[in-house]
Amino acid sequence: MKVDFYHLTRSPLDRVLPRIAGKVHADGGRLLVVSADAGQRQSIDRLLWTSAPDSFLPHAQAGEGEAALQAVLIAGTIDPANGARSVAIVDGEWRDGALTFDRAFHFFADDAIDRARIAWKELAGRDGVERRYWRQGEGGWEQAA
């Protein structure tokens with residue numbers, strides 16, 4: 001299983017998440033987006049409606065609509081009711097439940113860097129876990145580890 005740590009330093013989550021979600025969907029996959037913050041979940045819901053005016057990314061918040069049909073499901077906990085095999089943790093709080101997926105995207109800003117470092121270290125010795133750390137450089141995203 002792959003865990004991609006995305007350190008948001010130049011582009012905010014609202015510019016990065018739609019691209020990741022769109023790529024997962026274009027590849028035929030489903031994505032679970034997790035945040036404990038109800039306000040952030042609401043913002044992400046609005047964002048996915050407006051991020052790409054020339055395309056539609058099927059999505060809903062957990063508890064609204066038919067979760068099982070959604071390409072992207074936005075939830076407060078790790079519960080892939082849409083059958084997702086990819087999870088995006090967007091509130092900076094790592095959850096070990098993400099390890100049950102094929103791929104996890106862990107987004108964090110500078111205010112959550114200490115928690116991200118702890119998660120990085122804790123995942124170091126886990127069997128079957130491939131970690132990658134991405135940072136934003138002058139030319140875009142660069143794999144740093």
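Predicted model: local features only at pLDDT ≥ 70, side-chain atom pairs only at ≥ 80, totals over all residues.
Local features were taken only where pLDDT is at least 70, and side-chain atom pairs only at pLDDT 80 or more, while totals for chains, interfaces and linings use all residues. Residues are numbered from 1 along each chain as its sequence is written, and side-chain values use heavy atoms, with hydrogens and water left out.

The sheet comes first. Eight strands form an open sheet in the order β3-β4-β2-β5-β6-β1-β7-β8, and the pairing is mixed. Strands here are DSSP runs of E with at least two residues, helices are runs of H or I with at least four, and both are numbered from the N terminus; two strands pair if DSSP finds at least two bridges between them. At the edges stand β3 (59-61) and β8 (140-143), each with a single partner strand, so one side of each has no neighbour in the sheet. From one strand to the next, the twist averages 20°. Helix α3 (residues 113-123) lies across β1 (2-7), β6 (103-108) and β7, and runs at about 160° to β1. Angles run from 0 to 180 degrees between N-to-C directions, with axes being lines fitted to C-alpha atoms, for helices over the stretch in contact.

Four bridges join β2 to β4 (residues 72-75) in parallel, with V34 opposite A75. Four bridges also link β2 to β5 (residues 86-89), again in the parallel sense, and here V33 stands opposite A88. Along β2, L31 and V33 point one way and L32 and V34 the other, and all are buried (under 20% relative accessible area, with exposed being over 50% and partly exposed in between, for a 1.4 Å probe and protein chains only).

Next come the nonpolar cores, meaning sets of buried Ala, Val, Leu, Ile, Met, Phe, Trp, Tyr and Cys residues joined through side-chain atoms within 4.5 Å. The largest has 22 residues, of which V3, F5, L32, V87, W94 and F108 touch the most other members. Two or more residues each come from β1, β2, β4, β5, β6 and α3, and α3 gives the largest share, four residues. A second, separate core of 20 residues includes Y6, L8, V72 and A88.

Q136 sits in strand β7 (residues 130-137) and counts as buried because its relative accessibility is 10%. The Q136 side chain makes polar contacts with the backbone nitrogens of T9, at 2.7 Å, and S11, at 3.1 Å. Such a contact is a pair of N or O atoms within 3.5 Å; within protein, one must be able to donate a hydrogen and the other to accept it, and residues adjacent in sequence count only if both atoms are side-chain atoms. Not counting residues up to four places away in sequence, Q136 also touches V16 and W141, among others.

Finally, the structure holds nine aromatic pairs. Rings of Phe, Tyr and Trp (its six-membered ring) pair if their centres lie within 6.5 Å, with planes under 30 degrees apart called stacked, over 60 edge-to-face and the rest tilted. F5 and W94 are stacked, because their ring centres are 6.3 Å apart and their planes at 20°. This pair links distant parts of the chain, 89 residues apart: F5 is in β1 and W94 in the loop between β5 and β6. Both are buried, and ring pairs link F5 and W94 with F108, W120 and Y133 into a cluster.

Note on methods:
Contact = heavy atoms within 4.5 Å.
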